[in-house]
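Take a first look at the fold below.

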Amino acid sequence: MSIWWSLHLRREAASVPLARRLLLGTMETAGVDPDISYDLSVALSEACANAVEHGGGQGSGEASAAYRVTAYLDGEKCRIEVADSGPGFPVRRGGCAHALPQAGPTDESGRGLCLIEQLADHVHFRNRPGHGAVVSFDKILKWREDALLKVS
């Protein structure tokens, strides 16, 4: 069995905990190990916070006021995708260690993409020309003994 859902959210700070709670509730109901659920929920929160802060287009239309979150729990893997309509990612060379700009030790922001890379098994950042940025990441799931969707 698999579960998937997609949300179309306003670029408002209140949307971040909403997406996180939906993911955590889905994983709890399905029987995913709480540590895996927590890691994915933090990564999702970081991706959503980036979409809220940076994901608006140049215009004032409906697309620039929203972003999309899609989650798939299928078999042994969870994949999450967050897409916005902002300017996209700057050109990056290599992994997070080479991300521009580098966050300083006392900075309150600038670590989200690196944190996503640390918490997920596979991460892909891409730009949709003229349409914004997409962050997708996945993680191999571990299941509780009483899991409803446990893979045999």
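Helix H1 covers residues 15-30 and helix H2 covers residues 34-54. The two pack at an angle of about 155°, and their axes lie 9 Å apart. H1 is therefore roughly antiparallel to H2, a label for angles over 145 degrees, just as under 35 is roughly parallel, 65 to 115 roughly perpendicular and the rest oblique. Here an axis is a line fitted to C-alpha atoms over the stretch in contact, and angles run from 0 to 180 degrees between N-to-C directions. Helices (H or I, at least four residues) and strands (E, at least two) are DSSP runs, numbered from the N terminus.

This is a predicted model: local features need pLDDT of at least 70, side-chain atom pairs count only at pLDDT 80 or more, and totals for chains, interfaces and linings use all residues. Residues are numbered from 1 along each chain as its sequence is written, and side-chain values use heavy atoms, with hydrogens and water left out.

Which residues in H1 meet H2? Among them are Val16, Ala19, Leu23 and Met27. On the H2 side, the residues include Tyr38, Leu40, Leu44 and Val52. Contact means heavy atoms within 4.5 Å. By class, this contact has 12 nonpolar, four polar and one charged residues. Ala, Val, Leu, Ile, Met, Phe, Trp, Tyr, Cys and Pro count as nonpolar, Asp, Glu, Lys and Arg as charged, and the others, Gly among them, as polar.

Now pick out leucine 23 in helix H1. Is leucine 23 buried or exposed? Leucine 23 is buried, at 0% relative accessible area. Buried means under 20%, exposed over 50%, and partly exposed in between (1.4 Å probe, protein chains only). Leaving out residues up to four places away in sequence, leucine 23 touches Trp5, Leu40, Ser41, Leu44, Ala71 and Ile80.

Next come the aromatic rings. Rings of Phe, Tyr and Trp (its six-membered ring) pair if their centres lie within 6.5 Å; planes under 30 degrees apart are stacked, over 60 edge-to-face, and the rest tilted. The count is two aromatic pairs. In one, phenylalanine 89 and phenylalanine 125 have ring centres 5.5 Å apart and planes at 65°, so the pair is edge-to-face. Phenylalanine 89 sits in the loop between strand E3 and helix H3, and phenylalanine 125 in strand E4, so the pair ties together parts 36 residues apart in sequence.

Finally, step back. The protein has three helices and five strands. Of its 152 residues, 41% count as buried.
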